[in-house]
Each structure stands twice: as structure tokens, then as C-alpha cells.
Amino acid sequence: MSHCTRWADRLVILAMAFLLGPAPFSAVWAEVSRIVTVPALAVGVIGGQKIGTVHYVILQVDRDPTGTGPTILFSEASTGSAVDDVWKNGARTAISAAAKVLGEDERNWRVTIKNRSHFSLASGSSASSAIAVAVIAARRGDAIRSGVALTGVINADGRIEDVGDLPAKLQGAAEANMRAMLVPKGEARTSQWDLFELGRQRNVSVVEVGTLREAYEFMTGIRP
């Protein structure tokens, strides 16, 4: 990721913090709301060729005062922030999975999500596992390690399932100077590819994860 892109992401985070403000005070929600940025992997088609890239999901969890949530707000006004219905459904599943890991009631949550992508529209649900990690980190106040990207479809029970186009995503991770790429268990070495070897060639460590808890521990160094 370029210097300009890093600064753009920081400015987006500061803008969201200013616009959204801290969460309303209550006995349970006495802490200040936290904004988390998590990298995820995507693939687009340019000139008939699949191109992998790293995009960033910016997320904040506040208290929903009605208790009838989760209320999910998708911020799609700026270029590169539009997401399709499958992406949104994956985010909803991610929020449910995160709530189960935390042992919290997602009906008390208001979640604001903004995607920062090089493409005009993000599609699919492969970012859902990364979104689930970000939700937990936002609630717990844990920091996400830099240089680690995750791809995988999350289930409500916390299992991370298969995604496609992993060699292209690995190339995107390498070009973004990621040092590690987390993929669903059983997908690193298949009849179609050997991501362990491709990762060695590109200086990216490939790690398989089967559950949200495993992914979270690798991405933060902390057991959820």
C-alpha cells in the first residue's frame, strides 16, 4: 500500500470518528467507541485478467439504544466504497458470529461499515471473516497486527469456509507488502495450487485457519 493510500485511510478513520462521535453512556457501554481497520483480499477483472488486491474495511461498533438491532449502516458515498447485497449479507453473518464469540447480544449493537477498495463495487462474501475479526477487536479494544490479511466466508457458528481465486489474492497480498495471508483450512494446497510454495516465492507466509477464534488469535495475538 502506498504512502498516499495509508494517509487516505487515516483521514477516513479520523473523519468517521469525528462524525460518529463516542457511544452513548451506559453501565455496559461506558467505554469510548473504537474504530478498527482490517485488511481483506479481493479479486477484480481488468482486461480479462483476474487481479488480486488488498482492500480495507473500516468499522465502528456503537450501542443501539433501541435494543432492536443489530442496526448496520453501510457507508457507500465515496468512490470505491460500494458493496453488493452478497457482501452485505456476509457482513450481517459476520456480526452474528462475532456476537457469539463475545457472548454479547447483537441486538444492542449499531455497526457502521465502510469499505475502501480499488474497484468501484466490492462483491461476494470473502471479506466476512475479516469483518468478524474487526467487530470483536472493536468491542474488546484489541489491536490488529499490521501486514496480515484474511480471506474466507464466515458462518454464524464461527466456521470459516472456502473462497476462490486464492493465487490471485496471494499476488495482491504480496504487492501490498503483506507478510502473512490467512486462508480457510484445507485451501492452501489443492489440486489447483500450492499456496505454501507460492507464498515462499513471494515472501508471504500462508496460514490456514478453520474458525473465527483461530483467525482472531493470529491477527491480534490474543485469544478471544
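Helices (H or I, at least four residues) and strands (E, at least two) are DSSP runs, numbered from the N terminus. This is a predicted model, in which local features need pLDDT of at least 70, side-chain atom pairs count only at pLDDT 80 or more, and totals for chains, interfaces and linings use all residues. Residues are numbered from 1 along each chain as its sequence is written, and side-chain values use heavy atoms, with hydrogens and water left out.

**Helix 3**
- Helix 3 covers residues 128–140, and its end C-alpha atoms lie 19 Å apart.
- This agrees with the 18 Å that its 13 residues should span at 1.5 Å a residue, where the expected span is 1.5 Å times one less than the number of residues.
- Twelve of the 13 residues are buried, so the helix is largely enclosed by the rest of the structure; buried means under 20% relative accessible area, exposed over 50%, and partly exposed in between (1.4 Å probe, protein chains only).
- Among the buried residues are Ser128, Ile131, Val135 and Arg139.

**Glutamate 104**
- Glutamate 104 sits in the loop between helix 2 (85–102) and strand 5 (109–116).
- Its relative accessible area is 30%, which makes glutamate 104 partly exposed.
- Beyond its neighbours within four places in sequence, glutamate 104 is in contact (heavy atoms within 4.5 Å) with Ala99, Trp109 and Arg139.

- Glutamate 104 and arginine 139 are 35 residues apart along the chain, and their C-alpha atoms are separated by 9.9 Å.
- Their side chains are joined by a polar contact of 3.0 Å. A polar contact is a pair of N or O atoms within 3.5 Å; within protein, one must be able to donate a hydrogen and the other to accept it, and residues adjacent in sequence count only if both atoms are side-chain atoms.
- A polar contact of 3.2 Å also joins the side chains of glutamate 104 and tryptophan 109.
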